[in-house]
Amino acid sequence: TDTGVAADGVATVDVDVPGITIAGTYGILANTHETPQDLPFDVPVGPLFSFLALGALISVAGFEITARRLLFTSDAPNKVTLAGEGGGFTLRANGKRVIGLQEADFGFEISDDGLIGALLNGEILGPDFGGDFELGGVVAFAIDTTGTGGVVDVTVDFLADGTPVTEAVTIAADERKVAVTEATINIVGTTLSAGSLTFTQLDDGAIVQLTGTDVDAELAVAGTRIVRIDDASFDVTVTDRGVFGVVAEAQVTGPNLPGIALDDAVVSLQINTLSTSQTVTVNAETVTLPGAPLGSPFVRFEVTGDTPGGTAKLTVLGAEFSAERLSFERSGNTVVVDGQGVGLSLQAGGVRVIEIQDADIGFVFSPDGVAAAVLDAEFQGPAAAGISIGGVDTRASVLVNTSDQAATIDVAGAPVAIAAGPFVQVRIADAELTALTTQLSADLWTFEYD
């Protein structure tokens with residue numbers, strides 16, 4: 001026309017940059033007008049000479065970057081700017097998607113040195129290798145293969161005349177970053193939230209390393225908290241078969257149940273959805289994660305003392321249990337706790353009456369309370385002078401029930417019936433109680449707080 005030229009056409013696009021391939025259907029857009037033009041494609045305001053791709057796919061550094069509509073323009077020698085609509089990417093581990101993004105804002109540049117750019121906003125796509133692992137949150141993606149980094153303008157909107165509205169994103173040299181904020185992770189009923197998650201592809205795309213900050217996680221039954229992690233760090237490996245890793249030692253909140261408290265403790269979360277055991281390093285120590293049982297992932301909250309060599313304290317109805325380790329695992333509508341190196345001291349006026357030492361005790365937590373039993377435990381009798389009970393071979397048992405409902409729990413493969421509570425009892429059978437020169441015998445001695 002007398003005001004300029006506008007044109008569109010079909011083109012083949014080749015990228016002569018090592019490590020980058022581009023596929024899609026391309027057209028040529030040209031416009032010297034100062035207004036947008038309505039051709040078979042909408043041609044933005046000029047001056048403009050560019051390529052338009054529909055259904056574009058860019059493969060680079062193990063990532064698949066896509067765009068529903070992609071505009072190639074060159075505003076500097078040896079550099080092409082890519083602005084798009086409906087941007088997305090996929091990060092894979094051995095061919096299986098770990099995380100992806102669709103309908104995102106798009107901004108990239110290609111030069112002789114490589115590609116740099118970012119995706120913002122968009123809809124998150126979680127893993128496609130099964131329902132054991134689900135992701136949610138706000139995703140941002142940035143990549144640099146130029147080796148120098150820089151600032152890239154990401155197109156976040158378009159004005160009515162077709163002029164793009166951009167947001168500047170600073171990208172570090174050699175960055176390969178997938179960051180998720182306001183993140184949630186669900187691993188078969190155990191939900192974690194995180195201030196941020198970062199995904200890094202390793203081993204030539206065979207695995208993805210997932211790290212997180214400000215991680216919270218809660219183990220609950222029927223809405224009742226049993227144990228909770230707060231403000232932890234997170235390090236998980238994602239493969240094409242599942243995930244495994246550890247939330248490192250963190251602050252712990254104990255059960256939201258009356259008469260029960262957890263103190264002097266830290267907690268770690270161990271995860272393995274693979275059928276084989278996995279080894280990870282935590283604070284320079286090697287931790288072996290058991291393989292997931294058939295049809296169910298391995299998810300364990302492990303509580304230890306908050307000082308080196310110390311013990312955690314679990315208070316039940318005023319009785320203080322100490323434990324070298326408490327391992328919490330979900331079992332249907334309950335949480336089963338395996339206690340190792342457990343002690344229990346019943347005192348009167350600060351003086352020991354009876355004390356259980358170095359026992360292995362199983363607790364079962366439910367919304368109604370906690371039940372526990374231990375059989376054949378070593379003990380110490382009263383600390384008061386002149387009083388003793390039993391001999392060197394005498395053993396004690398412990399029964400706990402904070403609920404007004406009777407319970408049955410498994411101890412060493414055998415069911416143990418526990419009467420309705422609430423109580424914490426230490427029982428000694430067939431023993432003599434000596435007080436100075438007086439000896440009393442009984443079929444069963446029962447010790448509990450009154």
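The side chains of glutamine 278 and threonine 276 are joined by a polar contact of 3.0 Å, a polar contact being a pair of N or O atoms within 3.5 Å in which, within protein, one must be able to donate a hydrogen and the other to accept it, while residues adjacent in sequence count only if both atoms are side-chain atoms. This is a predicted model, in which local features need pLDDT of at least 70 and side-chain atom pairs count only at pLDDT 80 or more, whereas totals for chains, interfaces and linings use all residues. Residues are numbered from 1 along each chain as its sequence is written, and side-chain values use heavy atoms, with hydrogens and water left out.

Glutamine 278 belongs to strand 21, residues 278-282, where a strand is a DSSP run of E with at least two residues, numbered from the N terminus. Glutamine 278 counts as buried because its relative accessibility is 14%, and buried means under 20% relative accessible area (1.4 Å probe, protein chains only). Leaving aside residues up to four places away in sequence, glutamine 278 touches Phe244, Asn272, Val287, Thr288 and Leu289, with contact meaning heavy atoms within 4.5 Å.

Turning to the rings, a search of the whole structure finds seven aromatic pairs, in which rings of Phe, Tyr and Trp (its six-membered ring) have centres within 6.5 Å, and planes under 30 degrees apart count as stacked, over 60 as edge-to-face and the rest as tilted. Phenylalanine 328 and phenylalanine 365 form a tilted pair, 5.9 Å centre to centre with 35 degrees between the planes. This pair links distant parts of the chain, since phenylalanine 328 is in strand 25 (residues 319-331) and phenylalanine 365 in strand 27 (residues 351-366), 37 residues apart. Phenylalanine 328 is buried, with a relative accessible area of 1%, and phenylalanine 365 counts as buried at 1% relative accessibility. Ring pairs link Phe321, Phe328, Phe363 and Phe365 into a cluster.

Technical notes
Helices (H or I, at least four residues) and strands (E, at least two) are DSSP runs, numbered from the N terminus. Buried means under 20% relative accessible area, exposed over 50%, partly exposed in between (1.4 Å probe, protein chains only).
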